[in-house]
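Open the model in your viewer and keep the selection panel at hand. The stops below say what to select next and what is there.

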Amino acid sequence: MKSTVIIFPGSNCDRDVDVALKKFGFKNQMVWHNDCSIPKSDLIVLPGGFSYGDYLRCGSIAGKSKIINSVIDFANSGGLVLGICNGFQILTETNLLPGILQHNKYLNFICKNVFVKINNKENKFFKNIKKNILEFHIAHNEGNYFCSENELKSIEDNNQIAVTYCNHEGSENEEYNPNGSVKNIAGIFNIKKNILGMMPHPERMIDSYLSGEDGSLFFENLLENF
Amino acid sequence: MEVNEIIAIEHGLKKDEFKKICDLLKRVPNIIELAIFSAMWNEHCSYKSSKKHLKKLNTKGKNVIQGPGENAGVIDIGDNDAIVFKIESHNHPSFIEPYQGAATGVGGILRDIFTMGARPIANLNSIHFGSPQHKKTKNLLRGVVKGIGGYGNCIGVPTIAGQTTFDESYNGNILVNAMTLGLVNKNKIFYSKAAGLDKPVIYVGSKTGRDGIHGASMASAIFDDRIEEKKPTVQVGDPFTEKLLLEACLELMADKSIIAIQDMGAAGLTSSSVEMASKGKLGIELNLSKIPCREEKMTPYEIMLSESQERMLIVLESGKEKKAKKIFDKWNLDFAVIGKTTNTQKIELFFENKKVAEIPINLLAENAPIYDRKWKKTKLPQKLKLEKNLFKSLNLTDCLKKILASPNISDKQWIWDQYDHTVMGDTIQKPGGDAGVVRVHGSKKAVASTVDSSASYCYAHPLTGGKQVVCESWRNLISVGAKPAAITNCLNFGNPENEKNMGEFVECVEGITEASKFLNFPVVSGNVSFYNETKGKGIKPTPVIGGVGVLSDYKQILSMNLKNIGNLVLVIGKTEGHLEQSIFAKEILSEKKGPPPEINFFNEKNNGETILKLIEKNLIVSCHDISLGGILTSVSKMCIKGKKGIRINPLKSLINKFQYFFGEDQGRYIIELNKKNFDSVKKILDQNSVYFDNLGIVNDNKIIFNNDINLTVDELKNVNKTWLKRYMDH
């Protein structure tokens with residue numbers, strides 16, 4: 001399986017996701033933001049970080065970068081695209097995914113383990129994961145997902161909610177919503193479910209000495225479904 | 001402008017220093033030259049008050065590749081891997097403008113590390129604030145934490161450990177010390193010594209603006225009522241540009257085109273160019289018209305003093321300019337050839353085709369003043385007679401709760417949740433442990449690091465305090481299973497022109513030196529911050545030690561979390577019940593007098609090395625050093641982190657229970673082991689003559705002692721976790 005990680009100036013999880021993809025058997029390659037084309041791939045990953053410093057609005061400049069048209073073409077032709085953290089922000093800026101990511105509710109950066117519930121397994125990203133609740137890790141300042149009521153209705157009608165923040169038993173109380181996201185949304189799909197954007201970093205959870213191992217389930221499953 | 005004594009004094013120079021400059025130059029300097037002298041001769045750059053004493057530091061060791069004097073220290077950790085590390089202060093700027101001050105502190109120390117060719121792999125910080133009741137404390141804390149996070153999170157280096165304290169002596173002068181560790185191939189380290197004639201001098205990174213002018217002299221001055229006016233001397237950080245600069249520099253370093261490289265830190269272009277030339281015993285010629293400027297009409301004076309961030313100066317091999325420029329173009333960074341090395345042994349500056357300054361380098365570096373300042377010894381305070389009556393009305397449970405909720409013991413998660421501590425995917429011990437630990441990427445090894453200070457001990461008796469901080473650093477590294485390797489120190493003190501403050505400095509350095517020699521724990525880098533004083537009030541002496549240790553196999557890492565019900569818990573090291581200068585004395589008895597706990601080097605070393613033997617043989621499952629708050633505080637933290645309880649055995653000790661549980665005797669640890677390993681553990685402890693007590697047995701969720709304590713771990717946790725969060729939320 002071939003994957004491609006796009007590096008924007010200011011990306012800082014590019015190496016981490018490269019390590020994770022390779023660990024689980026992907027043949028991964030890195031592509032620089034100024035390149036115009038993407039080599040043949042089965043999966044494109046937009047990594048976490050602060051692309052172009054995120055000085056304007058998170059992900060907005062990356063959403064207009066040279067390489068992004070190739071990502072959009074790839075996604076529109078049904079290719080799998082995964083945006084993690086800043087990658088998720090970029091995907092909303094390109095309109096490949098609906099909604100926006102605002103400042104966290106308490107205005108602080110948050111780095112910690114959280115639990116997320118898988119809302120939809122009818123897709124390549126989560127299909128054969130046996131668990132329903134995963135322990136993931138978040139590290140962001142702007143992860144507060146927001147969309148209009150109409151958009152939310154359409155997201156729900158089309159089963160686009162991928163993962164939601166919860167506690168270890170799956171309770172989705174406001175207490176377990178770390179950043180104020182609408183409906184505790186931690187990640188969403190496009191309608192066709194070939195694009196996933198999420199705030200948590202599965203690449204930081206790939207062995208027992210790190211924050212946890214549930215990220216391994218995510219990558220193993222991804223490889224299996226090709 | 002004609003330069004005279006008054007102008008010189010305005011630049012922070014002393015009368016006799018100005019006279020010395022005129023004598024050395026055999027003329028009166030022009031304003032640009034005066035600015036250069038003032039920048040190079042201030043305390044921050046010249047170490048004029050501290051140099052004499054810093055020479056005594058123990059800087060040698062088998063594993064030391066580079067000691068003090070470079071951008072950072074370097075130690076060998078085997079397999080061609082080396083760790084580059086240093087700690088630095090950014091106290092004054094952080095008090096004036098907490099967000100930018102702290103952010104640029106992190107930015108500056110990161111540059112010191114990657115200047116040497118190392119990829120930064122971990123950040124730490126030691127931050128000290130005034131009394132929680134002081135009106136400025138909350139905002140300063142919030143700003144500093146946001147600044148540290150804002151910079152480190154963006155550049156993508158994990159912040160793996162830190163220390164936060166509150167003490168009224170920092171009311172008018174907070175401390176912000178930032179430390180970075182980097183990983184480098186030991187054969188590919190870059191230094192700041194220029195070499196060769198007519199080599200191009202290159203400027204890379206951000207453009208030069210008017211920010212931070214006089215920053216270094218501000219850092220060497222005391223504060224008064226007019227500090228608000230000093231805001232423009234604080235630099236503004238841009239972590240995004242730093243990230244680009246980091247990647248571009250490392251890319252250029254992959255090939256052999258760099259002769260010397262130096263970041264433009266304190267005193268910007270002035271100190272970087274002078275230091276590179278001075279180390280290489282060369283001259284340097286700079287054309288200031290070629291400096292990329294952010295603002296219009298910048299004068300040579302402003303250019304030379306600007307402390308704009310994210311800039312580097314490089315001496316390149318001739319003919320490599322094009323190739324190097326291509327890399328910086330790729331990363332969208334400025335690149336300008338601004339001069340060359342010469343054989344004149346002078347710094348010569350040109351602007352708009354005119355020579356605007358010319359100074360022999362040795363006058364700026366070797367001839368800078370060195371002071372042998374007067375200092376006063378601090379007597380060891382007498383031990384206090386603590387009457388029995390003092391303890392009669394006290395209740396163990398209440399004392400424990402009060403201590404766990406006290407500002408300096410309370411849980412600091414509110415702070416480190418705001419730092420990305422997991423980026424780079426190698427953090428195996430997060431903040432909140434005895435030391436942070438990161439794996440050496442792609443290898444079996446790991447590096448542990450901790451920052452420590454004990455201002456109350458150092459204030460009571462600087463010599464003992466200096467020893468104690470080094471020992472505590474050593475203990476924290478041992479507790480995570482690391483072999484202590486070397487230290488860096490950030491020496492934060494008051495006014496060196498005051499004999500008492502100077503004495504505190506001299507004796508703390510002496511204490512550090514003694515401990516570092518005995519433990520074979522050399523100092524490889526550091527920084528001195530004097531003049532931490534506002535309106536005549538100095539801070540408590542606060543030497544901060546950044547310790548680094550190595551785990552040859554990261555799987556041997558230990559945490560303090562209690563692991564399994566039924567396991568035995570032992571206290572390693574003898575408990576004498578030393579309460580003076582302890583948290584108990586301060587929080588419960590409101591007693592500030594008396595000596596700090598004594599340091600016994602032999603026990604310290606022996607106990608630590610024996611613990612490492614137990615870890616190597618996989619005989620223990622958790623470990624925590626006993627420091628502030630004594631045994632009961634330490635074991636409570638092990639309970640909270642491990643979500644387990646402990647039933648504590650009846651005491652066999654002759655001292656009273658408060659002394660036993662809250663005494664801060666040094667050289668002690670708490671370890672947890674499976675019962676079946678007790679005989680093997682006892683044998684090793686006995687063989688090494690290490691004293692131990694049977695503290696108790698791990699249980700499900702309660703901490704119990706006789707009829708004195710019966711608390712659930714959740715209760716303990718709430719008490720420990722709420723103080724800071726509540727303080728910041730209200």
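In which sense do strand S7 (residues 200-205) of chain B and S10(B) pair, and over how many bridges? Select both: this is a predicted model, and in it the two strands run antiparallel, joined by five bridges. Within this pairing, Val204(B) has Met312(B) in S10(B) as its bridge partner.

Six of the six residues are buried, so the strand is largely enclosed by the rest of the structure.

Next, select the open sheet of six strands in chain B. Its order is S1-S2-S3-S6-S4-S5, and the pairing is mixed. Strand S1 (64-66) and strand S5 (159-166) of chain B are at the edges; each has a single partner strand, so one side of each has no neighbour in the sheet. On average, neighbouring strands are turned by 20° against each other, direction ignored.

Zoom in on strand S4 (residues 119-129) of chain B and S5(B). They run parallel and are joined by seven bridges.

Two helices come next. Helix H7 (residues 98-114) of chain B packs on the sheet and touches strand S3 (81-89), S4 and strand S6 (175-185) of chain B. The direction of H7 makes about 25° with that of S6(B). Helix H8 (residues 137-155) of chain B lies across S4, S5 and S6 of chain B, at about 175° to S4(B).

Move on to helix H19 (residues 462-479) and helix H22 (residues 601-616) of chain B. Their axes come within 10 Å and cross at roughly 10°, and the two helices are therefore roughly parallel to each other. On H19(B), select Cys471(B), Trp474(B), Arg475(B) and Ile478(B); they meet Glu604(B), Gly608(B), Ile611(B) and Leu612(B) of H22(B). By class, this contact has five nonpolar, one polar and two charged residues.

Last, show both chains. There, 22 residues of chain A are in contact with 21 residues of chain B. Helix H1 (14-23), strand S6 (110-118) and strand S7 (133-140) of chain A each supply at least two residues of the chain A side. S6(A) gives the most, with three residues.

Definitions and conventions. Residues are numbered from 1 along each chain as its sequence is written. Chains are lettered from A and ligands numbered from 1 in the order in which they are written. This is a predicted model: local features need pLDDT of at least 70, side-chain atom pairs count only at pLDDT 80 or more; totals for chains, interfaces and linings use all residues. Two residues are in contact if their C-beta atoms, placed from the backbone, lie within 7 Å. Helices (H or I, at least four residues) and strands (E, at least two) are DSSP runs, numbered from the N terminus. Axes are lines fitted to C-alpha atoms, for helices over the stretch in contact, and angles run from 0 to 180 degrees between N-to-C directions. Angles under 35 degrees count as roughly parallel, over 145 as roughly antiparallel, 65 to 115 as roughly perpendicular and the rest as oblique. Ala, Val, Leu, Ile, Met, Phe, Trp, Tyr, Cys and Pro count as nonpolar, Asp, Glu, Lys and Arg as charged, and the others, Gly among them, as polar. Two strands pair if DSSP finds at least two bridges between them. A residue is buried if 20 or more other C-beta atoms lie within 10 Å of its own, exposed if 12 or fewer, and partly exposed in between; C-beta atoms are placed from the backbone.
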